[in-house]
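Please keep the sequence and the model in view while reading.

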Amino acid sequence: YYNENNSLFLAIIEQEKDWFEDFKVGIYKNNAVEWLQIENAPTEQSILESRYIALKGFNNPVIEVYGKTHAGHGAVYFYEVKNEQLNLLLKTQAVDFNSDIRWSPDNYEKYGYGNCGEVFSGGKLSSNFEDLNDDDNSDIVLSGTEEIICEKEISESFENFKTAEIKVASISLRKVFLWDKSKGNFLEQ
């Protein structure tokens, strides 16, 4: 429930946990639930997490939602609840549990292995909110670590060919999105 209006609530509707889930926001009024329309609702098959967040400069509730696909990827969505609907403020990639290891000749030069991929440490980027450009509105900073995962051969013979995944590098990530009042959304810097 939203602290300032306990008739407004978030819901994750689970048809099958982590496989078929929907994100909903409802208002309880007149002894019934009214589901709000969601502009560009999450398209991922499951909802990793959702919560209300306090953003300086926003008078209406703001909601953060992390979606996750069956393949382990996804986005974070930020919505403003306004006029009994959710208006999308920002959608960007922020979930990656699956390294999608693939062969590339560049991987040998960079990491010493041919088959490599990337994953976010902990599976997702973390969000932080601060006014970075002194315009009296919160801006969004997503940060975390991207880990480079490669396959290392651990057997010599073709019949018993085995590999192990190893972390070969970590890269700090920081994505900054400033509020653009004229456009009514966040723009990546």
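Five strands make up an open sheet of mixed pairing, in the order 4-8-7-6-5. Strands here are DSSP runs of E with at least two residues, and helices are runs of H or I with at least four, both numbered from the N terminus; two strands pair if DSSP finds at least two bridges between them. Strand 4 (37–38) and strand 5 (46–53) are the edges of the sheet, and each has a single partner strand, so one side of each is left without a neighbour in the sheet. The model is predicted, and local features need pLDDT of at least 70, side-chain atom pairs count only at pLDDT 80 or more, while totals for chains, interfaces and linings use all residues. Residues are numbered from 1 along each chain as its sequence is written, and side-chain values use heavy atoms, with hydrogens and water left out.

Within this sheet, five bridges link strand 6 (residues 62–68) to strand 7 (residues 73–82) in the antiparallel sense. I63 has Y79 of strand 7 as its bridge partner.

Another antiparallel pair is formed by strand 2 (residues 20–29) and strand 3 (residues 32–35), joined by four bridges.

Strand 13 (residues 163–180) includes F177. Is this residue, F177, buried or exposed? F177 is buried, with a relative accessible area of 2%, where buried means under 20%, exposed over 50% and partly exposed in between, computed with a 1.4 Å probe and protein chains only. Leaving aside residues up to four places away in sequence, F177 touches L90, T92, D139, I140, L142, F186, L187 and E188, a contact being heavy atoms within 4.5 Å. L90 is 87 residues from F177 along the chain, yet their C-alpha atoms are separated by 8.6 Å.

For the chain as a whole, 49% of the contacts with a separation of 6 or more are between residues 24 or more positions apart. Buried residues account for 40% of the 189 residues. The radius of gyration is 20 Å, whereas a compact globule of 189 residues would have one near 16 Å; the radius is taken over C-alpha atoms, and the globule rule is 2.2 Å times the number of residues to the power 0.38. Along the principal axes, the C-alpha atoms fill a box of roughly 70 × 45 × 25 Å.
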